[in-house]
Amino acid sequence: MALKKDYEDIPGTFVFDADRGREGYQLNQFCISLRLQKNRDAFKAGEHAYLDGYKMTTEQRQAVLDRDWNRMLELGGNIYYTSKLAAYDGINFQQLAGLMTGMGDEAYRAMMVAGGRSPDGNRFQHEWDEGGDA
Amino acid sequence: MARITAGVGCSHVPAIGVAMDQGITDQPYWVPVFDGFEKSRRWMKDQKADVVFLVYNDHCTVFDASCIPTFALGCAPEFAPADEGWGPRPVPVVKNHQVLASHIAQSLILDEFDITIMNEMEVDHGLTVPMSVMFGDKGVNDEWPCLVIPLCVNVVQYPAPTGNRCYQLGKAIRRAIESFDEDLNVVIFGTGGMSHQLQYKRAGLINKEWDTQFLDRLTSDPVALSQTPHVEYLREAGSEGVEMVMWHVMRGALDDDVEEVHRHYHVPASNTAVGHIILENKKDQREPK
Ligand SMILES: [Fe+2]
């Protein structure tokens, strides 16, 4: 019997489960490699050559090269891994959230200072489909 | 014998560590975050803890995706702060009570909690930030005032252990510690949370109401609270809010009846609601030494 994924109807959210972990493995292993200076140096010396060391899908590789943060998550990336690539680019967690939400740095930061994104209208996918607070 | 006398629940937001390391805690953004830990630092000093048992998670820093232990107990002599991509935090190396850690490892497995034993491990902000907020500024050449036994929990790849499993593990940790002969005062930390979502289009979710009921029920209704299903954390407290299962380990290790001696809650630190609580076993119920 298939596992029931009762968390798949949360809008704007990927739950990094075992299936995503499998799909994103090479992408995530690439990202975490950047936590070490010698690897950051090697990546800086040539992104394409460095990426050849990881058997990612073409889509994953392109998302890395494009720094398409949401696409990486769609393809099995996890935020704690992709944040290592962001850190390499000098982007912190909050700036990354500004990019992923499409709000931009300033508006996102202002939302957080004002108390963050309310759960109201943001609990279920149907709330977004009906034109909720996306 | 060794004894757990108190528990600390505490967020471990990396930006809090960065603010301390950069010396910018007096900026208006940070003042309300750190004000709430002033009493905690005095309290922590008064405890004269010999050992902190610190429950935290690694954030894909030390553990990559090749091996994902649900519960990993730090049994190494010491744990150095890890490079998380911008250099290691300039804080002291964490020293273990290695004999007690080995005793706990052995006791837990015989008590049917099949933990992973880590004989070499670095630690990330999940461990060092709670140390910094509770003990104050320390440089690389200083020492933390007590020994630390780290328990690293997987909360990154779904599913994290259930709240119930964490709560029961807390009870087993208590049994293990209380069967250790040396007279030791142990304080247990449960860290992570509170509500936050770092990823994708719903990033920035904060649920103060949900966090507040969590803090309330930690004292008054811990068993029912530990039954909270994962999907509720994910939906109500954000995808990264599920870190809060680690607080149940701390709660399970305390008496059923505890006293809340301090609470602090502030939004935001970066993307996250900062939550903090101090719970003490009631003194009259402690056995005399
Ligand atoms: Fe965390």
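## Contacts around B:G17

Two residues are in contact when heavy atoms of one lie within 4.5 Å of heavy atoms of the other. In this predicted model, B:G17 touches B:R89 and B:V129, with residues up to four places away in sequence left out of the count.

The position of B:G17 is in helix α1 of chain B, which covers residues 14-21, and its relative accessible area is 0%, so B:G17 is buried. Although B:G17 and B:G136 are 119 residues apart in sequence, their C-alpha atoms are 11 Å apart in space.

## The iron site

The iron ion has as its protein donors B:H12 and B:H59, each through NE2, and B:E243 through OE, at distances of 1.7 to 2.0 Å. Along the sequence these donor residues follow the spacing H-x46-H-x183-E. B:H12 belongs to the loop between β1 (2-10) and α1 of chain B, while B:H59 belongs to the loop between β2 (51-56) and β3 (71-74), so this pair ties together parts that are 47 residues apart in sequence.

Because buried means under 20% relative accessible area, B:H12 counts as buried at 3%, and B:H59 is buried with a value of 3%.

## Two crossing helices

In chain B, the axes of helix α4 (residues 98-110) and helix α6 (residues 163-178) come within 9 Å and cross at roughly 125°, and the two helices are therefore oblique to each other. Their crossing is right-handed.

On the α4(B) side, the residues that meet α6(B) are B:H103, B:I104, B:S107 and B:L108, and their partners in α6(B) are B:L169, B:A172, B:I173, B:A176 and B:I177. Sorted by class, this contact has seven nonpolar residues, two polar ones and no charged ones.

Methods
Residues are numbered from 1 along each chain as its sequence is written. Chains are lettered from A and ligands numbered from 1 in the order in which they are written. This is a predicted model: local features need pLDDT of at least 70, side-chain atom pairs count only at pLDDT 80 or more; totals for chains, interfaces and linings use all residues. Side-chain values use heavy atoms; hydrogens and water are left out. Helices (H or I, at least four residues) and strands (E, at least two) are DSSP runs, numbered from the N terminus. Buried means under 20% relative accessible area, exposed over 50%, partly exposed in between (1.4 Å probe, protein chains only). Axes are lines fitted to C-alpha atoms, for helices over the stretch in contact, and angles run from 0 to 180 degrees between N-to-C directions. Angles under 35 degrees count as roughly parallel, over 145 as roughly antiparallel, 65 to 115 as roughly perpendicular and the rest as oblique. A crossing is left-handed if the near helix is turned anticlockwise from the far one by less than a right angle, and right-handed if clockwise. Ala, Val, Leu, Ile, Met, Phe, Trp, Tyr, Cys and Pro count as nonpolar, Asp, Glu, Lys and Arg as charged, and the others, Gly among them, as polar. Donors are N, O and S atoms within 2.8 Å of the metal (3.2 Å for Na, K and Ca); water is not among the atoms, so sites may look incomplete.
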